[in-house]
Amino acid sequence: MLQRIQTLWLFLSTTMIFALFLFPYLQIFNAMGTPKVIKVTGVYENVGGQIVKTADFTLITIVTVLLALLPFVVIFLYKERKRQIILCYVTIALIVAYSFWLASTAQQVLGDLRLQFQNYGLGIIFLPLSIFFIIMALRGIRSDIRLLKSAERLR
């Protein structure tokens, strides 16, 4: 029963990271009033009524896919719970580092523009949610370990 719950948490974590491809994490308007959207795939601007990709983030895109697959891989290590715990902590550390990388990339794109609360897109919520789901999976893994230890004591 507990294995299913932690699998759900890890799957939700993977889904949150993949959702970064759909939703922007920053939306700004430049001095001329044209919108600029920053996603993990690149920078999109409205040029002449058309949405045009003005900058490409190939490396960020590849790292996003790899980072999203890491919690999914942890699901299949259910027989090695200690390795699951280690990989969960590594995933959390990588997500935090990835968040700083996204912030520095956005700062390079923005230059001297100041961010306000309304500039943040829906994508900014997904990384903290992913970390929360991994922490919930860690709680499930630890409760599995406690359950197995108590069952071994009864033998």
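## The largest pocket

The largest pocket of this structure has a volume of about 230 Å³, a value that, like the others in this report, comes from a predicted model. Its lining is made up of 14 residues, and those closest to the centre of the pocket are Tyr25, Ser99, Leu102, Ala103 and Ile124. Two elements give two or more residues to this lining, namely helix H3, which spans 81-110, and helix H4, which spans 126-154.

Of the elements concerned, H3 gives the most to the lining, with 5 residues.

In soluble globular proteins, nonpolar side chains tend to be buried together. The largest nonpolar core of this model holds 35 residues, of which Ile38 and Tyr98 touch the most other members. Two or more residues are given to this core by each of helix H1 (2-18), strand S1 (26-29), helix H2 (58-75), H3 and H4, and H4 gives the most, with 9 residues.

For Ile38, once residues up to four places away in sequence are not counted, the residues touched are Pro24, Tyr25, Leu26, Val43, Phe57, Ala106, Val109 and Leu110. Tyr25, which Ile38 touches, is also one of the residues closest to the centre of the largest pocket.

## The loop between H1 and S1

Pro24, a contact of Ile38, is found in the loop between H1 and S1. Pro24 counts as buried because its relative accessibility is 12%, and buried here means under 20%. Leaving aside neighbours within four places in sequence, Pro24 is in contact with Val37, Ile38, Lys39, Gly121, Leu122 and Gly123. Although Pro24 and Gly123 are 99 residues apart in sequence, their C-alpha atoms are 5.3 Å apart in space.

Ser130 lies in helix H4 and has a relative accessible area of 0%, so it is buried. Not counting residues up to four places away in sequence, Ser130 touches Ser13, Met16, Ile17 and Ile95. Ser130 and Phe21 are 109 residues apart in sequence, with a C-alpha to C-alpha distance of 14 Å.

Thr14 has its place in helix H1, and at 5% relative accessibility Thr14 likewise counts as buried. With neighbours within four places in sequence left aside, the contacts of Thr14 are Ala68, Pro71 and Phe72.

## Aromatic pairs

The structure holds 7 aromatic pairs. In the pair formed by Phe72 and Phe76, the ring centres are 5.3 Å apart and the ring planes stand at 80°, so the pair is edge-to-face; the cut-off that decides this is an angle of over 60 degrees. The two members of the pair fall into separate accessibility classes, since Phe72, at 33% relative accessibility, counts as partly exposed, whereas Phe76, at 55%, counts as exposed.

Elsewhere in the model, Trp9, Phe132 and Phe133 form one aromatic cluster.

Terms used:
Residues are numbered from 1 along each chain as its sequence is written. This is a predicted model: local features need pLDDT of at least 70, side-chain atom pairs count only at pLDDT 80 or more; totals for chains, interfaces and linings use all residues. Side-chain values use heavy atoms; hydrogens and water are left out. On a 1 Å grid over the protein atoms alone, a cavity is a set of points where a 1.4 Å probe fits but cannot get out, and a pocket is an open set with protein on both sides within 12 Å along at least five of seven lines; lining residues have an atom within 4 Å of a point. Grid points are joined across faces, edges and corners, and a volume is the space filled by probe spheres set on the points. Helices (H or I, at least four residues) and strands (E, at least two) are DSSP runs, numbered from the N terminus. Buried means under 20% relative accessible area, exposed over 50%, partly exposed in between (1.4 Å probe, protein chains only). Contact means heavy atoms within 4.5 Å. A nonpolar core is a set of buried Ala, Val, Leu, Ile, Met, Phe, Trp, Tyr and Cys residues joined through side-chain atoms within 4.5 Å. Rings of Phe, Tyr and Trp (its six-membered ring) pair if their centres lie within 6.5 Å; planes under 30 degrees apart count as stacked, over 60 as edge-to-face and the rest as tilted.
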